[in-house]
Amino acid sequence: MSPPGAVLPEAVLFDMDGTLVDTEVLWWETADEVAAGLGHRLTDADAPQVVGRAVADTAAHLVTVSGGGCAETVAAELAGSFFRRVEAGVPLRPGARRLLAELEGARVPFALVSASPRAVVDSVVAGSLAGVGFAFTLSADDTVRTKPHPDPYRAAAERLGVGPGACVAVEDSPDGSASAQAAGCAVLVVPSLLPVEPADGRYFADSLEEVDLGVLSGCAPGRGPHR
């Protein structure tokens, strides 16, 4: 619950993969499988170019490090393989369903802002996130540039009719956090596979189980990093 007198954000913008649903491991497995087909095995050194990145970015990285393949063909293989894994079902992150229900009950609008392709977003929203009252969903296909650029979060705030500075973005990755922060949002970071560096305007929680309306109320721009 939010404490008396707390001011809730005008909107909350959620990342999907690794934040609301536990798909980052599936994405890593997908990238590792495709990389192996190109003669490359993923290591921790590849993680910044794989975790939280758009399909096209990961495909370009795999082509570069392997020295073979066509970026468009690799991207299509990544997208298809990841979609098949997601279609088999993905678990929600702990605390996600409860937090989304609290926002809905408090009439705080919230949207999904993902760097995944539209087909993957629609699959998750129809499956693991079925029945959740998102105002809308944005995928990597809905803006010219996706994360880590600010475009997706700017577009989401504009579509909701609020300023980015009135929004709290909930993210798990460095690129997603950078995207939201560059757009002007306060960022609540709940890390999954990769650590996210502290910075002004970034707040941290170890799990969505720690996050409630009061925590979101405290994520105001300019208050510095907190844990």
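Phe14 and Phe110 are both buried, a term that denotes under 20% relative accessible area, with exposed meaning over 50% and partly exposed the range in between (1.4 Å probe, protein chains only). This is a predicted model, in which local features need pLDDT of at least 70 and side-chain atom pairs count only at pLDDT 80 or more, whereas totals for chains, interfaces and linings use all residues. Residues are numbered from 1 along each chain as its sequence is written, and side-chain values use heavy atoms, with hydrogens and water left out.

Rings of Phe, Tyr and Trp (its six-membered ring) are taken to pair if their centres lie within 6.5 Å; planes under 30 degrees apart count as stacked, over 60 as edge-to-face and the rest as tilted. By this rule the count comes to three aromatic pairs. The ring centres of Phe14 and Phe110 are 6.3 Å apart and their planes stand at 90°, so this pair is edge-to-face. It links distant parts of the chain, since Phe14 belongs to strand β1 (residues 11-14) and Phe110 to strand β2 (residues 110-113), 96 residues apart. Helices (H or I, at least four residues) and strands (E, at least two) are DSSP runs, numbered from the N terminus.

Phe110 also forms an edge-to-face pair with Phe134, at 5.5 Å centre to centre and 75° between the planes. Phe134 is in the loop between α5 (118-126) and β3, 24 residues from Phe110. Phe110 counts as buried because its relative accessibility is 2%; Phe134, with a relative accessible area of 13%, is buried as well.

Six strands form an open sheet with parallel pairing, in the order β3-β2-β1-β4-β5-β6, where two strands pair if DSSP finds at least two bridges between them. The edge strands, each pairing on one side only, are β3 (137-138) and β6 (202-204). Strand β5 (residues 186-189) is joined to β6 by three bridges, and Leu188 stands opposite Tyr203 in β6.

A nonpolar core is a set of buried Ala, Val, Leu, Ile, Met, Phe, Trp, Tyr and Cys residues joined through side-chain atoms within 4.5 Å. The largest such core has 47 residues, of which Phe14, Leu20, Leu78, Leu188 and Leu216 touch the most other members. Apart from it lies another core of 19 residues, including Ala111, Val113, Ala156 and Ala183.
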